[in-house]
Amino acid sequence: MAAAIVNEHLPTPLDATSEQPPLFDGTTRLYVSYTCPFAQRVWIVRNYKGLHDKIKLVPIDLQNRPAWYKERVYHENKVPSLEHNGKVIGESLDLIKYVDSNFKGPSLQPNDPAKKEFAEELITYSDTFNKIVFTSFKGDTVKEAGPAFDHLENALHKFNDGPFFLGHELSLVDIAYIPFVEKFQAFLSGVWNYDITAGRPKLTKWIEEVNKIDAYKPTKADPKVVVEMFSARFLAKH
């Protein structure tokens, strides 16, 4: 079971004019961008485990990012990053496992060996899934993106004891995918009039069920913002 629902006031993103928060003062900080799907993965895990008081959310304005973020916090200059125990670490797929393993709250990893193995396969495939869909925006989009969503539809048939990738319980697998599926769905529908759920009943149900998860709801981006952001990035004439 997820931790209790918290109605959190989301802080204003820090930009080039903002002062740097203290570093290594004992506070655990999760640096995010409100529209970044990579950061969203870790944000959802933090919410699901009820770590609102344990992990402070620090949003960064990626369009006008503060110089101190690269210089003094995270040299990669990307989000997400997590300041914890005197160090700063990054990479969203590593961080979702790190937060799940190193903090209290409901576990998002399965005990069943078959589910554990399948979870690793799917988490590894998530990079390939994202690459296929992102690349499709520059080509024959619907034709190229379709097989990636078919892969998810097929994966959702593996464990039939519930709507999620590993069956009845939400896991890191669902959290690895939903930020991207959410944004791809908005963009493909808004620009190409392509419905990723058409002919994919398991994917349809999965999206419906994930949308009911309280930890996920406050992390969702406005679909209009997603379409604008992705259009500027992928459809701009060079």
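This is a predicted model: local features need pLDDT of at least 70, side-chain atom pairs count only at pLDDT 80 or more; totals for chains, interfaces and linings use all residues.

Colleague: Which residues does UniProt list for "domain: GST C-terminal", and what percentage of the span is helix?
Modeller: The unreviewed UniProt entry gives residues 100–235 for this domain. The end C-alpha atoms of that span lie 37 Å apart.

Colleague: Is R29 buried or exposed?
Modeller: R29 lies in strand β1, residues 28–32. The relative accessible area of R29 is 4%, and the cut-off for burial is under 20%. R29 is therefore buried.

Colleague: Which residue has a side chain in polar contact with that of R29?
Modeller: Beyond four places in sequence, R29 touches P21, P22, I55, K56, V58, S81, L82 and E83. The polar contact between side chains is 3.0 Å, and the partner of R29 is D25.

Colleague: Why is β1 described as largely enclosed by the rest of the structure?
Modeller: T28, L30 and V32 point one way from β1, while R29 and Y31 point the other way. In a regular strand, side chains alternate between the two faces of the sheet. Residues on both sides of β1 are buried. The strand is largely enclosed because the number of its five residues that are buried is five.

Colleague: Which strand runs parallel to β1, and which runs antiparallel?
Modeller: Five bridges join β1 to β2 (residues 55–59) in parallel, with L30 opposite L57. The chain passes from β1 through helix α1 (residues 37–48) to β2 in a right-handed β-α-β crossover. The parallel partner is β2, and the antiparallel one, joined by three bridges, is β3.

Colleague: Where is R72, and how far is its C-alpha from that of Q20?
Modeller: R72 is found in helix α2, residues 67–73, and is partly exposed at a relative accessible area of 48%. R72 and Q20 are 52 residues apart in sequence, but their C-alpha atoms are separated in space by 9.1 Å.

Colleague: What is the length of the polar contact between the side chains of R72 and Q20?
Modeller: Leaving aside neighbours within four places in sequence, R72 is in contact with Q20 and L23. The side chains of R72 and Q20 are joined by a polar contact of 2.7 Å.

Terms used:
Residues are numbered from 1 along each chain as its sequence is written. Side-chain values use heavy atoms; hydrogens and water are left out. UniProt positions are given in the numbering used here, feature names are shortened, and annotations may be inferred rather than shown by experiment. Helices (H or I, at least four residues) and strands (E, at least two) are DSSP runs, numbered from the N terminus. Buried means under 20% relative accessible area, exposed over 50%, partly exposed in between (1.4 Å probe, protein chains only). A polar contact is a pair of N or O atoms within 3.5 Å; within protein, one must be able to donate a hydrogen and the other to accept it, and residues adjacent in sequence count only if both atoms are side-chain atoms. Contact means heavy atoms within 4.5 Å. Two strands pair if DSSP finds at least two bridges between them. A crossover is right-handed if, with the strands pointing away from the viewer, the path from the first strand over the helix to the second runs clockwise.
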